[in-house]
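Subject: Structure for you to look at

Hello,

Here is the structure I said I would pass on. Please open it and keep it beside you while you read my notes below.

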Amino acid sequence: MSFSFLIKICRQIKFIALSLSIPFTSFYVWGQSGPCDSLFINMEVTDGPESLILSNVLFQNDFENPKHTNFVNCSPDFAQNLVSSLYGDIFDQQWTVETIQINGPENQYQDPQGIGGNYCLGMLGRIQDDKIAITIDRKDLDLINLRLNVSAIDVPRCGGPFGVDIPKFNFKLYDTPSGIWDFNNRGSLLDEEEAEGTTPGITPFIFNWAEIDLHFNAEDASAKHVTLLIDQIHQSGYAALDNFLVSSSTDSNKFTNQLTVLEGDTAWLIGSSTKDVIKNATISSSIGTASIDAATGEWYWEFVAIDGPDESQMVSVSIENDCEIEEFEFILTVKNVAPTVASNENIISTCGLANGTGTFFDPGRDTVTLASNLGNISYDIGKEGSWSWTSNNLNPNVDSLLILYATDSDGASDSLVIPILHQHPPIIINETISGSCPRVGLGSINLTVSGGCPPYSFLWNFGDTTANIDSVEIGMYWVKVTDKYGKTENKIFNVPNNNTLELTNNGDKIVYKGYLPLACDTLMVEASGGKPPYTLNWSNGSTESEIVVCPDSSKSFVATVTDSKGCTATSIQELCVDDIQVYDNGTAVPNRVYLTHKYFINRNLYTKTVIVHPSAVSHHLAHGDLLGAKGSMRCLFNKVVINEDEVLDDPFENDALIDHCVAFPNPFNPSFTLRIDASKSGNASIEVYDKHFILREKKSVELTAGISAEFNLGSELREGRSYVVKIVTKSDVFYHRLYKSGDACPTNQSSLEH
């Protein structure tokens with residue numbers, strides 16, 4: 001790309017020249033002291049930024065300087081001379097194109113706008129169909145620009161008046177490779193436009209000018225020459241044309257060289273010149289810096305565009321030698337650039353609190369003002385710096401955007417949209433639970449809440465709204481915790497039973513009404529755990545740890561122990577009364593009780609009810625008799641069968657024959673072993689009685705002949721007491737006395753008595 005649009009000034013003769021060709025046409029200029037160089041400087045632009053718009057003014061004429069004024073008028077102030085004869089060979093016309101003398105001697109026309117000057121062209125759209133053609137060298141640029149003024153006007157004679165209307169024109173651009181126009185052989189049509197003026201003046205002879213500004217695409221032209229054909233459309237009457245300006249350019253509707261640069265950037269141009277001519281030349285520019293390379297003929301210009309706003313100025317770059325000065329002129333526009341604003345990192349909001357930081361910069365020298373859509377922002381004063389922003393009232397349930405607005409002092413602005421990422425930490429509930437005793441209400445739950453977004457509110461399942469609850473019973477409780485923004489968390493708690501109070505007693509008892517030695521018994525309870533001291537209350541009103549009871553009928557005795565915290569424990573002991581008195585018509589017979597007597601006939605065991613004096617009871621019991629009448633109800637406690645009638649009344653199906661029995665150790669603790677050797681297989685019953693001949697343990701066993709059988713007994717018997725072991729078969733009975741000591745005893749085997 002090369003282009004020259006220059007002003008050439010010689011030392012001896014000063015003139016202005018418009019370059020119409022590339023390369024520049026050379027000519028001689030003679031000064032007072034001798035000839036100048038035969039070659040011009042030929043200053044051209046060969047490169048520049050993409051924003052550079054090059055423009056060649058190809059033709060410009062306001063028709064104020066005709067070659068002569070020998071007008072051939074056929075109407076007042078209306079000449080029919082050929083346009084080419086008055087204004088040059090560049091024009092070709094079809095039929096007549098007239099020259100109107102706006103300020104002619106006959107004062108036929110008036111121009112109140114003062115646009116037309118002294119002369120303009122005129123043409124008729126009908127009758128002879130006037131046309132005008134302008135052939136130009138486009139200087140290798142593909143856009144042709146046309147600017148002219150048009151107006152409706154009329155002619156009083158020369159076939160007129162023709163009437164006035166809005167002037168309308170058709171414009172065509174043709175390819176003219178030869179550079180010579182021919183109306184009969186027009187060449188290829190490259191582009192076409194239509195345009196019109198405005199309404200006529202207040203009279204047919206008063207101008208009312210309008211400007212037409214068009215551009216045409218010549219990129220399909222086969223050579224450098226093109227022809228612009230102007231044709232007035234038939235229906236629009238007579239019209240005037242003036243102030244023609246035709247250019248070729250790299251952008252549309254451009255009649256001057258233009259270079260646009262953003263503030264903060266560098267504008268630059270690279271050009272060429274005739275190197276032999278500029279050996280001693282100097283280069284200068286109205287703004288920026290320029291340099292020249294005499295060896296190559298290249299020249300350079302650059303300018304750092306500091307600031308806008310959208311300022312334009314004419315710039316001239318000049319090369320001067322001893323004979324001449326050549327200048328390249330262009331309009332430089334510095335476009336204001338909005339400041340930029342950036343964020344250093346993502347903005348994260350936690351419980352409505354968010355912070356953001358970043359930077360801003362203005363390419364020019366403008367002071368920047370920052371603002372945001374979410375409250376105040378702090379920033380440095382100047383063209384660049386840092387900013388910071390804080391907010392503590394964002395709602396995490398609503399999507400948020402931080403919009404920052406950066407505006408420079410010239411009004412250019414830009415914005416930055418930053419999504420705010422909301423974080424809502426989970427609510428964490430920790431608790432401290434104290435248990436309770438049943439029905440005492442000593443429990444408590446103390447909450448420690450973290451996470452979420454404080455403050456918190458609480459709602460318990462029973463309506464309480466405090467963080468901590470106390471004096472609650474054993475059981476399940478739940479709470480809902482709600483934070484500032486409505487996020488909730490539920491949790492269930494169990495208030496446990498922390499009653500560690502325990503009671504032990506000496507077991508259930510049997511007493512025998514009518515037999516004084518066994519008509520009473522001792523009940524005992526002991527407390528452990530809980531928090532001493534304890535208080536004890538029996539159901540009979542006693543507060544002692546041991547009580548002696550002699551009931552007339554079976555009943556339960558309840559001991560309730562309460563510790564110092566109010567926790568309670570209960571022990572229940574059953575006391576069974578077996579009435580063995582003898583009655584006569586409902587009246588007890590003194591000193592008479594029932595016994596069940598056991599006896600053998602032919603090695604067969606039988607039982608029967610006998611009545612004895614209480615003093616004889618111990619003797620009968622020692623021989624295996626039982627208290628109470630045969631078949632009477634017996635008391636059952638803890639798997640100990642007191643009533644043995646079901647055993648005694650049923651004969652052994654398989655009678656074992658025992659040869660030898662031994663029990664060891666004796667004394668024993670905690671248990672003893674009973675070994676039985678049988679010579680005949682069969683069944684046997686093992687019974688253990690206390691000193692009162694109360695059955696305390698019983699076991700039915702099966703013996704095998706020739707194999708010793710061992711049985712472990714006595715582990716549940718009370719220490720420090722004597723017991724009788726009784727082995728019963730269908731045909732025989734064996735006895736042995738044993739003693740359970742307070743301590744574990746060494747082994748001492750004892751044979752049983754037959």
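Asp137, Lys139 and Lys224 are linked in a network of salt bridges. A salt bridge here is a side-chain nitrogen of Lys or Arg within 4 Å of a carboxyl oxygen of Asp or Glu.

Before the rest, two notes on the source. This is a predicted model, in which local features need pLDDT of at least 70 and side-chain atom pairs count only at pLDDT 80 or more, while totals for chains, interfaces and linings use all residues. Residues are numbered from 1 along each chain as its sequence is written, and side-chain values use heavy atoms, with hydrogens and water left out.

The structure holds nine salt bridges. One of them joins Lys131 and Asp231, at 3.5 Å from N to O. This pair links distant parts of the chain, 100 residues apart: Lys131 is in strand β11 (residues 131-137) and Asp231 in strand β16 (residues 225-232). Strands (E, at least two residues) and helices (H or I, at least four) are DSSP runs, numbered from the N terminus. Lys131 is buried, at 6% relative accessible area, and Asp231 is buried too, at 15%.

Another salt bridge is formed by the side chains of Glu710 and Arg675, at 2.9 Å from N to O. Glu710 lies in strand β56 (residues 709-713) and Arg675 in strand β53 (residues 672-680), so the pair ties together parts that are 35 residues apart in sequence. Glu710 is partly exposed, with a relative accessible area of 48%; Arg675 is also partly exposed, at 25%.

Now the nonpolar cores. A nonpolar core is a set of buried Ala, Val, Leu, Ile, Met, Phe, Trp, Tyr and Cys residues joined through side-chain atoms within 4.5 Å. The largest has 37 residues, and Ile144, Phe169 and Phe171 have the most contacts inside it. Apart from it lies another core of 25 residues, including Leu52, Leu54, Ile283 and Ile287.

For the protein chain as a whole, the secondary structure comes to three helices and 59 strands. Of its 754 residues, 46% count as buried.

Regards

Definitions and conventions. Buried means under 20% relative accessible area, exposed over 50%, partly exposed in between (1.4 Å probe, protein chains only).
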